[in-house]
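The following paragraphs go through a predicted model.

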Amino acid sequence: MRLITTLTAAALTIGLATFAAPALSSAFTKAEDAVEYRQGAFKLIRENFGYMSGMVRGEIDFDADQFKQRSKALVHLSNIPFDAFTGAGENATNNSDALPAIWQNWSDFESKRDAFQSAAVELAEAAESGNIRDIRPKFMATARTCQQCHEGYRAD
Amino acid sequence: MSTVTIHLWDGFVRGFHWLLVLVFAGLWYTGGNIDYIDQHHQLGLVMLALVLTRIIWGFIGSQPARFTTFMQSPFAIFRYFRRPTQHEYLTHNPAGAYMVVIMLGLLLAQAISGLFTDDAIFFRGPLAQYVSNDTVRALTRYHKQAFDFILIAIALHLVAVAIYTILKKKLIKPMITGKKEVASAAVANAPAQRHGGWGFLILVVNLAWIFYFLS
């Protein structure tokens, strides 16, 4: 009896896991939702990064604490949009600036994503120093990872 | 045929032309590179001031610099290409005249659209905040795509100058020295000059307000 219960439970678990697997690969069931999700994330990244650029480029006064917070936020934000390029978000280009080239060159896109994410981490580490001279090169390095990915993967 | 040397291009026209070359080269080099976006912005403001001043000079400057001196009906372009050597043109032939206007128009549109751009990374043009995001998007796209048209216009310009040089018609020297050799019969029509210094004064005023409001 006990054996049967265990086996049933195991079978159910495996069955459920198999059934649930496609849904788990991405939180989205609709392409539209995936597109809005990643656009929302990129919008936050853009505004956050724009705020930091004001300090780096001398448009607003440098505030070490503010910069530290913003750079930490960027590290988190940098992890958000990319899940929405998979699952229902795969090949989703309606009302989107994402180009089909993303999915045609998926491993290259992934390596550009990784470059962005590690640049964001390095920027946040530099921000800990509170020294704008340490921050500036890391900030520009991060900006370059944005540009390198937009080039070819984002519509003009 | 006896020739005489007349004063054709005033100091401002010549200074404008070669400054344009320098500023354009700088804009080309800094464009599309996130590391130089601020320099691109500043150079774009210089370009805007240069082109605006040249347009003003085209109305109030020396006779050869004025649009009314060299602009003709568009049909004159066809007549010109049918018989290119029928007339001697002191300033621009009809095709060259339209090229001047097209070039100034493209550069002005490029400079103005640049003020509304957003690079989707961290740069926002000084006027982007005053228009909708759709407009920003459209003007950013225009700014990128129209650059190719400017390159084509410059290529055509250089080809035309090369052809003229092969045909032994001097275009480059007058744009450096301001002086041009013409048949002495034409001396009666020597164009009225205005000192180029006035043009540079207008340029300085334009630079001042443009940098004050748009840098």
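Where the two chains meet, twelve residues of chain A are in contact with nine residues of chain B. On the chain A side, the elements that give two or more residues are α2 (31–56) and α6 (132–153). Of the elements of chain A, α6(A) gives the most to this side, with six residues. By type, the chain A residues that touch chain B divide into four nonpolar, four polar and four charged.

Helix α6 of chain A also holds A:C146. This cysteine counts as buried because it has 23 C-beta neighbours inside 10 Å, and the cut-off for a buried residue is 20 or more. Leaving aside neighbours within four places in sequence, A:C146 is in contact with A:F116 and with B:I121 of the other chain. A further residue to look at is A:K112, which is 34 residues apart from A:C146 along the chain, while their C-alpha atoms are separated by 8.5 Å.

The largest nonpolar core has 22 residues, and A:L74 and A:L123 have the most contacts inside it. The elements of chain A that give two or more residues to this core are α2, α3 (64–77), α5 (106–129) and α6. Here α5(A) gives the most, with seven residues. Once neighbours within four places in sequence are left aside, A:L123 is in contact with A:S71, A:L74, A:K138, A:F139 and A:T142. Another core, of 21 residues, lies apart from the largest one, and its residues include B:V13, B:F16, B:L43 and B:V46.

Definitions and conventions: Residues are numbered from 1 along each chain as its sequence is written. Chains are lettered from A and ligands numbered from 1 in the order in which they are written. This is a predicted model: local features need pLDDT of at least 70, side-chain atom pairs count only at pLDDT 80 or more; totals for chains, interfaces and linings use all residues. Two residues are in contact if their C-beta atoms, placed from the backbone, lie within 7 Å. Helices (H or I, at least four residues) and strands (E, at least two) are DSSP runs, numbered from the N terminus. Ala, Val, Leu, Ile, Met, Phe, Trp, Tyr, Cys and Pro count as nonpolar, Asp, Glu, Lys and Arg as charged, and the others, Gly among them, as polar. A residue is buried if 20 or more other C-beta atoms lie within 10 Å of its own, exposed if 12 or fewer, and partly exposed in between; C-beta atoms are placed from the backbone. A nonpolar core is a set of buried Ala, Val, Leu, Ile, Met, Phe, Trp, Tyr and Cys residues joined through C-beta atoms within 7 Å.
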